[in-house]
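Here is a short briefing on the charged side chains of this protein. Have the sequence and the model open beside you as you read.

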Amino acid sequence: MQNSLLTKAFFSFLFIFWFSTISAQDTIPTETQVDTIAIDTIVIRKTQEKIKHIPRGANLTNPVISFKQTKALNKPYKRFRVPSFWTNINKFGINFSEVAFVNWNAGGNNSVTALGNVRFERNYKFRYIQWDNNMEMRYGLNLQENQKLRKTDDAVRFSSTFGYQRDTISNWYYSVKANFNTQFSNGYKYPDRTTPKSRFMAPGYSFLGAGTSYITKDQKFNLYISPITQRATFVLDQDLADKGSFGVEKAVLDADGNIITPGQNVLLGFGFLVTNTWETKLYENVGLKHRINLYTDYLIDFGNIDVDWELDVSLRVNKNILTTIGTHFIYDDDILFDEQVDANGIVTNPGRPRLQFKQLLGVGVTYDF
């Protein structure tokens with residue numbers, strides 16, 4: 001009996017313990033101590049812009065075209081061009097001078113003179129390299145009353161200079177230069193028109209050498225010094241070559257004046273060359289241009305200097321009208337004057353060199369293209 005009571009008490013204890021466990025799981029304690037974090041909620045709102053309605057159609061309510069609503073450009077429109085290291089100069093000019101007399105008591109002949117000139121330049125400049133190319137051509141004619149047409153000017157000149165600069169601070173260059181000069185047509189000692197004194201490539205001069213150049217930044221001043229220069233004189237007209245014109249070896253004649261050995265057509269020399277060109281403005285519309293060549297030969301009469309000097313002053317009236325005053329000096333001991341010939345045609349006195357001088361005054365029109 002005692003054992004049955006103990007058994008009932010034990011099961012009663014188990015029932016009470018099981019019931020209390022289930023009740024604890026189904027209920028939430030009223031007071032619980034836990035760690036808490038307070039968080040403030042932030043709401044960011046962005047106002048969206050209203051989409052604008054852009055019409056895509058064309059307004060054709062007034063399709064009338066009126067030029068009164070537009071204005072012409074003051075200057076011509078310039079198209080964009082890719083920058084180039086080349087500088088191009090193209091100039092054409094023609095000068096006129098005229099004299100007319102009507103019942104003029106002091107006398108005189110009516111005359112008209114025209115002189116045309118063309119100049120082309122192609123110059124390249126980039127960093128340490130500079131290459132200048134220049135070609136100039138001139139030709140002039142004069143017509144006087146009771147006289148035939150005469151030539152007043154005739155020249156073809158080409159020059160090319162290649163320079164290398166060690167740095168961009170100095171104006172000195174290592175240079176190689178080539179020059180060539182000749183003329184277009186025959187030259188005479190007027191009024192004699194039977195015996196030409198000069199012809200195309202008779203003479204023709206070429207210079208080729210190396211040296212140094214001093215060129216300013218604006219390229220208006222150019223001084224070239226070459227201690228190593230080869231000069232060639234061409235006389236391609238055989239009659240002039242047989243006479244020994246312009247310094248070439250003349251023909252060898254027998255006692256009767258017959259040619260045994262024809263004259264040479266080319267005379268080569270080796271010497272020292274100095275050239276200088278300079279352009280500047282004297283006044284607002286007055287410009288000065290100067291060019292000079294000085295040459296002496298090491299092999300033939302060293303110290304004797306051949307001079308070729310041009311000096312031009314230009315007075316510009318406007319963009320296209322120009323007045324030019326020019327002078328040209330030449331001294332070359334290979335060009336002889338006052339030749340004396342006997343009755344048999346044999347030269348008894350070859351003559352002597354003289355200073356050659358030419359002066360020009362003209363008003364003309366120039367055009368750049």
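Counting each side-chain nitrogen of Lys or Arg within 4 Å of a carboxyl oxygen of Asp or Glu as a salt bridge, the total comes to 14 salt bridges. Please keep in mind that this is a predicted model, where local features need pLDDT of at least 70, side-chain atom pairs count only at pLDDT 80 or more, and totals for chains, interfaces and linings use all residues. Residues are numbered from 1 along each chain as its sequence is written, and side-chain values use heavy atoms, with hydrogens and water left out.

**The pair Asp153 and Arg138**

- Asp153 and Arg138 form a salt bridge through their side chains, with an N to O distance of 2.9 Å.
- Asp153 belongs to strand E4 (residues 150–164) and Arg138 to strand E3 (residues 129–144), so this pair ties together parts 15 residues apart in sequence. Strands (E, at least two residues) and helices (H or I, at least four) are DSSP runs, numbered from the N terminus.
- Asp153 counts as buried because its relative accessibility is 9%, and Arg138 is also buried at 9%. Here buried means under 20% relative accessible area, exposed means over 50%, and partly exposed lies in between (1.4 Å probe, protein chains only).

**The pair Arg199 and Asp237**

- In the salt bridge between Arg199 and Asp237, the closest N and O atoms are 2.7 Å apart.
- This pair links distant parts of the chain, 38 residues apart: Arg199 sits in the loop between strand E5 (172–182) and strand E6 (204–215), and Asp237 in the loop between strand E7 (221–234) and helix H2 (238–242).
- Arg199 is partly exposed, at 30% relative accessible area, whereas Asp237 is buried at 12%.

- Arg291 and Glu310 form a salt bridge whose closest N and O atoms are 2.6 Å apart.
- Arg291 lies in strand E11 (residues 286–297) and Glu310 in strand E12 (residues 306–316), so the pair links distant parts of the chain, 19 residues apart.- Both Arg291 and Glu310 are buried.
- Through salt bridges that share partners, Glu136, Arg138, Asp153, Arg157, Arg291, Asp308, Glu310 and Lys358 join into one network.

**A positive patch on the surface**

- Lys91, Lys220, Lys281 and Arg316 gather in a surface patch of positive charge. Such a patch takes residues with over 30% relative accessible area and no salt bridge, with like charges joined within 9 Å.
- Lys91 lies in strand E1 (residues 86–99) and counts as partly exposed, at 35% relative accessibility.

Methods:
Patches are made of residues with over 30% relative accessible area and no salt bridge: like charges are joined within 9 Å, nonpolar side chains (Val, Leu, Ile, Met, Phe, Trp, Tyr) within 5 Å. Accessible areas come from the Shrake-Rupley method with a 1.4 Å probe; for residues, only the protein chains shown count as cover. Lys and Arg count as positive and Asp and Glu as negative; His and the chain ends are not counted. The place of a charge is taken as NZ of Lys, CZ of Arg, CG of Asp or CD of Glu.
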